Amino acid sequence: PGYPGAGGAPPQQPDPYAHMGPAGPHAQPGQPGGGGQPEGQVGPIRMGVPEHCVGAILGRGGSVIKEIMQYSGARVQVSQKGEHMEGTSDRIVTLTGPAQSVHMAQVMVGQRIQQALAQPREQRSGFRA
């Protein structure tokens, strides 16, 4: 019983994410990935969000963004109108904090975007075409 040639221990699997470093797979090039930051922190993660989905992330009076920050523990900032990801018309959502918190905030923001995209166009903005 056991694994041949390994003294009975299971073979070690290489870490498929080791090449990504501490910033993880979603860091933008040129962004710090933990250097000079507290242990477990990741550099700012920037996400592009379609302009018409920003309201779904902010919520009425900022209620949704506050909920995302409170639940995830990450800081979530949305760029001002007219400030876009380079080469796109998407607004910039910046996430900072502990790696696990940033990941949770990414998931929550992504869910809100998907929900907003699933709504009929006239319900997104409140205008009828």
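The following dialogue walks through a predicted model and the features that can be read from it.

Student: How many helices and strands does the protein have?

Tutor: Helices (DSSP runs of H or I, at least four residues) and strands (runs of E, at least two) are numbered from the N terminus. Here the protein has four helices and three strands, and read along the sequence they follow the pattern β-α-α-β-β-α-α.

Student: What is the order of the strands in the sheet?

Tutor: Two strands are said to pair if DSSP finds at least two bridges between them. In this protein an open sheet of three strands has the order S1-S3-S2, with antiparallel pairing. Strand S1 (41–49) and S2 stand at the edges, each with a single partner strand, so one side of each is left without a neighbour in the sheet. From one strand to the next, the twist averages 20 degrees, where such angles run from 0 to 180 degrees between N-to-C directions, and axes are lines fitted to C-alpha atoms, for helices over the stretch in contact.

Student: How many bridges hold each pair of strands?

Tutor: S1 and S3 pair in the antiparallel sense over seven bridges, and Arg46 has Thr94 in S3 as its bridge partner. Four bridges join S2 to strand S3 (residues 91–98), again antiparallel, and there Val78 has Val93 of S3 as its bridge partner.

Student: Which way do the side chains of a strand point?

Tutor: In a regular strand the side chains alternate between the two faces of the sheet. Buried means under 20% relative accessible area, exposed means over 50%, and partly exposed lies in between (1.4 Å probe, protein chains only).

Student: Is Thr94 buried or exposed, and which residues does Thr94 touch?

Tutor: Thr94, whose place is in strand S3, counts as buried at 18% relative accessibility. A contact means heavy atoms within 4.5 Å, and, not counting residues up to four places away in sequence, Thr94 touches Pro44, Ile45, Arg46, Arg75, Val76 and Gln77.

Student: How can I check the length of helix H3?

Tutor: The expected span of a helix is 1.5 Å times one less than its number of residues. The 20 residues of helix H3 (residues 99–118) should therefore span 28 Å, and the end C-alpha atoms are 29 Å apart, which agrees.

Student: Which residues of H3 are buried?

Tutor: The buried residues of H3 are Ser101, Val102, Ala105, Gln106, Met108, Val109, Ile113 and Ala116. Ser101 has a relative accessible area of 13% and, leaving aside residues up to four places away in sequence, touches Ser72, Gly73 and Ala74. By contrast, Gln111 of helix H3 is partly exposed, with a relative accessible area of 45%.

Student: At what angle do H2 and H3 pack?

Tutor: Helix H2 (residues 63–72) and H3 pack at an angle of about 150 degrees, with their axes 9 Å apart. That makes H2 roughly antiparallel to H3, given that angles under 35 degrees count as roughly parallel, over 145 as roughly antiparallel, 65 to 115 as roughly perpendicular and the rest as oblique. The contact is made by Val64, Ile68, Tyr71 and Ser72 of H2 and Ser101, Met104, Ala105, Met108, Val109 and Arg112 of H3.

Student: What share of the whole protein counts as buried?

Tutor: Of the 129 residues of the protein, 27% count as buried. As for contacts between residues at least 6 apart in sequence, 53% join residues at least 24 apart.

Technical notes
Residues numbered from 1 in each chain as written. Predicted model: local features only at pLDDT ≥ 70, side-chain atom pairs only at ≥ 80, totals over all residues. Heavy atoms only, no water.
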